Amino acid sequence: QLQLAESGGGLVQPGESLELSCVASGSTFSRALMAWFRQSPGKDREFVAGIVPEGHIRRYADSVQGRFTIDRDNRENTIYLQMSNLKPEDTAVYYCATLSNWARLIPGDVWGQGTQVTVSS
């Protein structure tokens, strides 16, 4: 069973950039569909970006397309979320998670503890 731990959150101003990391422990990481989700106060958790095990196919939510990039390093058991041109509406707790269904972007059972990203002037 994988365990996930996010890091890299913080407070930034609109227009700035931030990179999140998620380190996985466990031997199945390189075969796992992985994704980032986020949740803002009073809102449902939403999909942000996903990546296939080999790393060559990615999907993004419309709201972050062109601003966020998801990547992975299977040698380091890590996925990344590079976020640029951040907006106040990107403020949320960001979670990394496995995906159980790529077509429908259904999360799996493994989640990290989350890292807070706040975009404010």
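## Salt bridges and the model

A salt bridge is a side-chain nitrogen of Lys or Arg within 4 Å of a carboxyl oxygen of Asp or Glu. By this criterion, the structure holds five salt bridges. Side chains of opposite charge can pair when their charged atoms come close.

The structure is a predicted model, in which local features need pLDDT of at least 70 and side-chain atom pairs count only at pLDDT 80 or more, while totals for chains, interfaces and linings use all residues. Residues are numbered from 1 along each chain as its sequence is written, and side-chain values use heavy atoms, with hydrogens and water left out.

## The network around R38 and D90

Which residues are linked in a network of salt bridges? The network consists of R38, E46, R67 and D90. Within it, the side chain of D90 meets that of R38 at 3.0 Å, N to O.

D90 is buried at 1%, R38 is buried at 4%, and R67 is buried at 10%.

## The surroundings of R38

A polar contact is a pair of N or O atoms within 3.5 Å; within protein, one must be able to donate a hydrogen and the other to accept it, and residues adjacent in sequence count only if both atoms are side-chain atoms. The side chain of R38 makes such a contact with the side chain of E46 at 2.6 Å, and another with the side chain of S63 at 3.4 Å. Contact in general means heavy atoms within 4.5 Å. Leaving aside residues up to four places away in sequence, R38 touches several residues, including D44, V48, V64, F68, E89 and Y94.

## The disulfide

A disulfide is a pair of cysteine sulfur atoms within 2.5 Å. A search of the whole structure finds one, and this disulfide joins C22 to C96 with an S to S distance of 1.9 Å. C22 lies in strand β3 (residues 18-25) and C96 in strand β9 (residues 92-101), so the pair ties together parts that are 74 residues apart in sequence. The link is right-handed, with 55 degrees about the S-S bond. C22 is buried at 0% relative accessibility, and C96 is likewise buried at 0%.

## Paired strands and positive phi angles

Two strands pair if DSSP finds at least two bridges between them. Strand β8 (residues 78-83) runs antiparallel to β3, to which six bridges join it; here Q82 in β8 is the bridge partner of E19. Six bridges also join β8 to strand β7 (residues 68-73), again antiparallel, and I70 stands opposite L81 of β8.

Most residues other than glycine have a negative phi. In the hairpin of β7 and β8, which has four residues between the strands, N77 takes a positive phi near 55 degrees. L105, which is not a glycine, has a positive phi of about 55 degrees and is found in the loop between β9 and β10 (106-111). N77 is buried at 19%, and L105 is buried at 17%.

## The nonpolar core

A nonpolar core is a set of buried Ala, Val, Leu, Ile, Met, Phe, Trp, Tyr and Cys residues joined through side-chain atoms within 4.5 Å. The largest one has 37 residues, of which L20, W36, V48, F68, L81, M83 and Y94 touch the most other members. The elements giving two or more residues to this core include β3, β4 (34-39), β5 (46-51) and β11 (115-119). Strand β9 gives the most, with five residues.

Conventions. Buried < 20%, exposed > 50% of the residue type's maximum accessible area, 1.4 Å probe, protein only.
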